[in-house]
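Hi everyone, thanks for coming. I'd like to walk you through one structure today, so please have a look at it with me.

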Amino acid sequence: MISKKMQKALNKQVNAEMYSAYLYLAMSAYFDGQGLKGCAHWMRLQYDEEMVHGFKLYDFVLERGGIVTLEAIAKPEPVLESTLGVFKEVLEHERKVTGMINELVGLAMDEKDFATNSFLQWFVDEQVEEEASAEEIVQQLTMVGDSKNGLFLIDRQLGERQPGGSAESEA
Ligand code: FEO
């Protein structure tokens, strides 16, 4: 059984993960419209991953005898002005999510809720990868600057991302 406080916090995180999915879907649509099919593909897989994250939390709440409460998912409003800008926003967003996960871990520790703490460690590790891959893409885009050739190559590379793929293509 989980405490009401922990249940509320986990439900909030379900919503945050589903919002992340929605945010990345908006970015995917933008890239598609820009003809950047690789970036669109990468974001679409990112959408899938965030939904998996949301469902992991959802299933855990149920497994622990808790109640899942679904709230409205906020409208995603990413600033869609440049490829680099969008990936910088991904990085910023992932850092924010890391903060949320850390807060959850802190709460589990305060409550001596060892099961939830153990469950959350998967998310702690996942966030390290999420930030690292977004950071890598930001670095690459920064490196190529205004080069259309460079962007073409990065787009192609991001288009090779596989579902649940390697760390470098995952976020
Ligand atoms: Fe579920 Fe990208 O954090």
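Let's start with helix α3, which has 28 residues; at 1.5 Å a residue they should span 40 Å, and the end C-alpha atoms are 41 Å apart, so the two figures agree. Please keep in mind that this is a predicted model. The protein chain has an average pLDDT of 95, with 96% of the residues scoring at least 70. One stretch to treat with care is residues 166-171, where pLDDT stays under 50.

Now, what does α3 pack against? In general, two packed helices are described by the angle between their axes and the distance between the axes. Take helix α2, residues 37-63, and α3, residues 83-110: their axes come within 13 Å and cross at roughly 15°. An angle under 35 degrees counts as roughly parallel, and therefore α2 and α3 are roughly parallel to each other. The crossing of α2 past α3 is left-handed. On the α2 side, the residues in contact are Cys39, Trp42, Met43, Gln46 and Glu50, and they meet Thr83, Val86, Phe87, Val90 and Glu94 of α3. By class, that contact has 6 nonpolar, 2 polar and 2 charged residues.

How values were computed:
Residues are numbered from 1 along each chain as its sequence is written. This is a predicted model: local features need pLDDT of at least 70, side-chain atom pairs count only at pLDDT 80 or more; totals for chains, interfaces and linings use all residues. Side-chain values use heavy atoms; hydrogens and water are left out. pLDDT is the predictor's confidence in each residue, from 0 to 100. Contact means heavy atoms within 4.5 Å. Axes are lines fitted to C-alpha atoms, for helices over the stretch in contact, and angles run from 0 to 180 degrees between N-to-C directions. Helices (H or I, at least four residues) and strands (E, at least two) are DSSP runs, numbered from the N terminus. Angles under 35 degrees count as roughly parallel, over 145 as roughly antiparallel, 65 to 115 as roughly perpendicular and the rest as oblique. A crossing is left-handed if the near helix is turned anticlockwise from the far one by less than a right angle, and right-handed if clockwise. Ala, Val, Leu, Ile, Met, Phe, Trp, Tyr, Cys and Pro count as nonpolar, Asp, Glu, Lys and Arg as charged, and the others, Gly among them, as polar. The expected span of a helix is 1.5 Å times one less than its number of residues.
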